[in-house]
Amino acid sequence: MMQFHALLQRALIPLLATVLTRTSLVSAVNAETRYHRVLWDDDNWIITTQDLNPGNYQSRMSLANGYLGINVAAVGPFFEIDTPVNDETVVNGWPLFDRRQTFATIAGFYNDQGPTPGDNYPWLYQYGGESIISGVPHWSGLVVEAHGAILNASVNPDHLTGFTSTLDARAGVLSWRYSWKPGGTHAAINVHYSMFVHKLHVNQAAVQLKLTATRDTNVTVYDILEGDCAVRTDFVDRKYENDSPTIWTAVRPGNVPATTAYLYSTLGGNKCVDWSSRTEVTGGIFSSNFSSIAQSVNLKLVAGETGEIGKYIGAASSDAFSEPKNTASIASITGASEGFATLLHTHIEEWTSILPRHSVDRYAFPNGSLPEDLNVQELHIAAVTTPFHILQNTVGPNAVAAAGNNTHLNVHSIPVCGLGSDCYGGLIFWDAEVWMAPGLQVSHPQHVKQVINYRVEKYPQAQQNIKMAYSSSQNHTDQFSPGGAVYPWTSGRYGNCTGTGPCFDYEYHLNGDIGISFLNQLVVTGDEVEFKEKLLPIYNAIAHFYAELLTYNETSDTYNLRNATDPDEYANNVNNVGFTTALIQKHLDSTNMLNSWFGFSQNENWAEKASKLRLPINEEAGIILEYDNMKGYISVKQADIILIDDFLHYDNPYSLANLDYYAAKQSPNGPGMTYGVFSIVANEISPSGCSSYTYDLYSTQPYVRAPWFQLSEQLEDDPSTNGGTNPAFPFLTGMGGANRVAIFGYLGLRLFIDRLDIDPSLPPQIPYLDYRTFYWQGHGINATSNATHTTLARLPAESYMLPTANRTYMHSPIPVSLGARGGTYQLPVSPLEMLVVPNRPIGQTTTVKGNILQCAANVTSTTPYLPAQFPLSAIDGAASTRWQPVHSSTTIYLTVDLGATFPSYPIKQIIFDWAHAPPLSYSVFFSNVSLPPFGHNDWGLVTNVTRGDVELSRPYDPARAAIIEKYEGNQTNVTLESVVWSGRYATLGVNGCWGDEGGNRTHRGGPTVAEWSLIRDLGEGVLVAENATEVNVGEKINGDDDKEKAGLEEVEDMVGFKVEPQVGGDEDEDRRWKVQNLGLW
């Protein structure tokens, strides 16, 4: 077998070379992105924006190191409040609804308070309050005053020229450069700010300011610790030190007197700084908040010389450090002594060790060039930015060791928006386990271990939470016995049941989600000792709780879950919820499996209950319902039933129908992590098409915000148009969801304890993908995919084996399986020996036989389209995706460019799936040289293939709205009177719109097109000679020596159909072959 794989690998090398020569490539350095004046440097992973957009949270960047976090203004490292919109204060979302502004905090700095403005079950407040993240004073501000003008977040943008701001994702450094004319009239001063939050030494951060004047001038620089950022805190103390250029302030999270955080700032600078001018600032330049404090110094700038000043931050809280004041003080003063460059060096070294190139997915060819497809280029950028944004909020093993093996540093999970925002109150949800962690668990298991550690630390409280059953519908006497544990939906400092985070009658799936993250950590790291000692007891406690939570139905002899909420939070307190029921069943079974694996006895009661759980099924529609008595008019907030196929390795005969049905039910106002799941599942179960790629784009593009490639929670950020949601930002949950797609979708990685399971398939739009280094049982693995095959290789153990690795595979091959395809393979021990496996060719398999449009690389529309309703959706082979322009007021054209070398085919049939909102009329054109909109002189070059009015095949019927029915869109099938030969360009024109479900005039946007298929006529056949070597398929070839030739097998491979021999009447004639589609013949 290995000899075969080696031969196959050698055979693939020239094939790949051919692909590279036929694909136009672009330079990956300083490439323009689709955002105005935003550039990407792929050599150095630097984003540069030349567009200043102050006062808007989407334009701000957050920096963090997993312990300290801060959000800063678009124009510099300043505190900033969002500019009011329509004279109204811009606010955060649930549960705080507080003013949007820059935020800074320390990990775990939660308060103790009463009810929040938003909640889930307010009656629970009679039993206790909430624990919300508190801020600390905003520490990065270095404000400049010159000629009475102030350079801060409120500076007049008209007084700035040459603005650029860069994020160096390889170094974790944020910087700004521009020329500032104080007051708009004085001589310009060139400004350069740089800042970082030290990734290795978690108590340190630094901000540097360089000023270069064009004329001799004096300026004043203010070092500010801004107390308005210290929300939900109690002031402790502050001081201006006389014996060093240091100021400090201290705050406590509200109502938590045992915890105090200290922030120190010490100045350093070059000869331009007049240290004798240093003074304490008593007001005017910062807020009146008690915790605010500032100091100032003068700089004497000589024209052409650069003045430098830096502030060196030290920060510590008593939650993690026994002497936080001393720790913060030493960190600040030591930083100033070492200087910016020295600190920066060790900071960059740590980031380099955390995020090397092999740790992210790379869509570039082996020669470093990127495909021309802008969508693929953006996936390549996001493959860097998404893990960077999340990893900023983690503390790695090096940082723990550098802090004296301080294990208090990595016991805090990852909040929804990280440490630079108080979105969702900084609370911990399932987002950490299900969305942020998985994509990083496989590549950075030691860095996201804090997600696991947080639940371990809160386990004693989870055991106590069982006693809160009396406050819920589960208040039966003695229903819950000792041994169980239940985690609250949200948690902060304590992990108790609260109004925002109920333990009962709500999203019970959280507990199983935690179990999945535990099991993933075991599979990835091979750390059986920690799992057995720390995680397996919790896994058992969750199973104990689940088993006692179920209700027995004597009539049906089954168990079910009552009064619960599945991930779809639009449907609360319902019975027999689909995803959670499947999750409970898998958790009970896997607990017994794990107990057996580690030599413990199995629980027969759990096995019996798991066997008697029944999911809610609608057999007529062939789908799993979200819950009993679900209605057909539901709108789904976020991925729910689809998660069964993504996370649970569940035997599911309803997968395809579920995908189509629930894709049509997803609300456009749901959060932005859903469609990564759809992409993964589509790649796993679809027999044809490239909808996985469509969904992949859907998971990022409409949610990405310029300039820093941060994701928003919503498609649209305006609450007046998105259903009333003030979106979470930056939405790490969505970034985590997108970060899962390549490794779990295209590679098809599934995490099993006994084997490495993959099922790779690349969509046609992605020619090559080098996956992030990932770990199985602690052993590092590399995988690369091209259009046809995937190559796996072990990485050298000396550099890519975790300390916890399963020693069994140090000298033994790793067993490999290929999803549902069957068969067992082995990945050799030696990195020099590779395993090459075939991809599933679903992107090359047509959903409608003979369709020449499916998954074409270049498809465009003449007008904008609704967010994520891409033109590609109309030709991706899946009815579950759709193209939808923003309006229907004019004729709108969708054009597919089949390429200059694509052959012309005889077209006999055209099939449309219009989805729920068909156009009133349509037209189809072929052309070789012209694109719409067509001018008067173009019509001689355009073939008018067909046109007509759309008759509804499935009109909207309000009487059937509640009925669960298999998804089916409005369809139009056109059979042409005679064949029409296709051209390079195929264009569909649509006009008007029937409205939602074909008649509902409240429909949003223009008409929809789910699938457009051009079916080539195969009845006449295509003749080629037996002894041919190459053919332009579609052209009749008579076998003459001067014709291009194609061999039988090559023709079959090219056209994808059976080839039957046709022997001419004259035996001396060349043998001819008829290409025949047996399905349509």
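Predicted model: local features only at pLDDT ≥ 70, side-chain atom pairs only at ≥ 80, totals over all residues.
User: How many aromatic pairs does the count come to?

Analyst: The count comes to 44 aromatic pairs. One of them is Tyr675 with Tyr695.

User: Is that one stacked or edge-to-face?

Analyst: Stacked, because the planes are at 15°, under the 30 degree cut-off. The ring centres lie 6.1 Å apart.

User: Where do the two residues sit?

Analyst: Tyr675 is in helix α15 and Tyr695 in helix α16. They are 20 residues apart, and the pair links distant parts of the chain.

User: Tyr695, buried or exposed?

Analyst: Buried, at 1% relative accessible area. Tyr675 also counts as buried, at 6%.

User: And Phe902 with Tyr905, stacked or edge-to-face?

Analyst: Edge-to-face, with 70° between the planes and 5.7 Å centre to centre. Phe902 is partly exposed at 31%, while Tyr905 is buried at 9%.

User: Switching to α14. What do its buried residues pack against?

Analyst: Against β25 (623-624), α13 (643-647), α15 (674-685) and α16 (691-700). The buried residues of α14 include Leu659, Tyr661 and Tyr662.

User: Which residue lies over the face of Tyr57?

Analyst: Arg100, at 3.8 Å from the ring centre. Likewise, Arg755 lies over the face of Phe752, at 4.0 Å from the ring centre.

User: What does UniProt place at residues 54-319?

Analyst: The unreviewed entry has "domain: Glycoside hydrolase family 65 N-terminal" there.

User: How much helix and strand in that span?

Analyst: Residues 54-319 are 0% helix and 47% strand. The end C-alpha atoms lie 35 Å apart.

Note on methods:
Residues numbered from 1 in each chain as written. Heavy atoms only, no water. UniProt positions renumbered as here; feature names shortened; annotations may be inferred. Helix = DSSP H or I, 4+ residues; strand = E, 2+ residues; numbered from the N terminus. Buried < 20%, exposed > 50% of the residue type's maximum accessible area, 1.4 Å probe, protein only. Contact = heavy atoms within 4.5 Å. Phe/Tyr/Trp six-rings, centres within 6.5 Å; stacked < 30°, edge-to-face > 60°. Lys NZ or Arg CZ within 6 Å of the ring centre and 35° of its normal.
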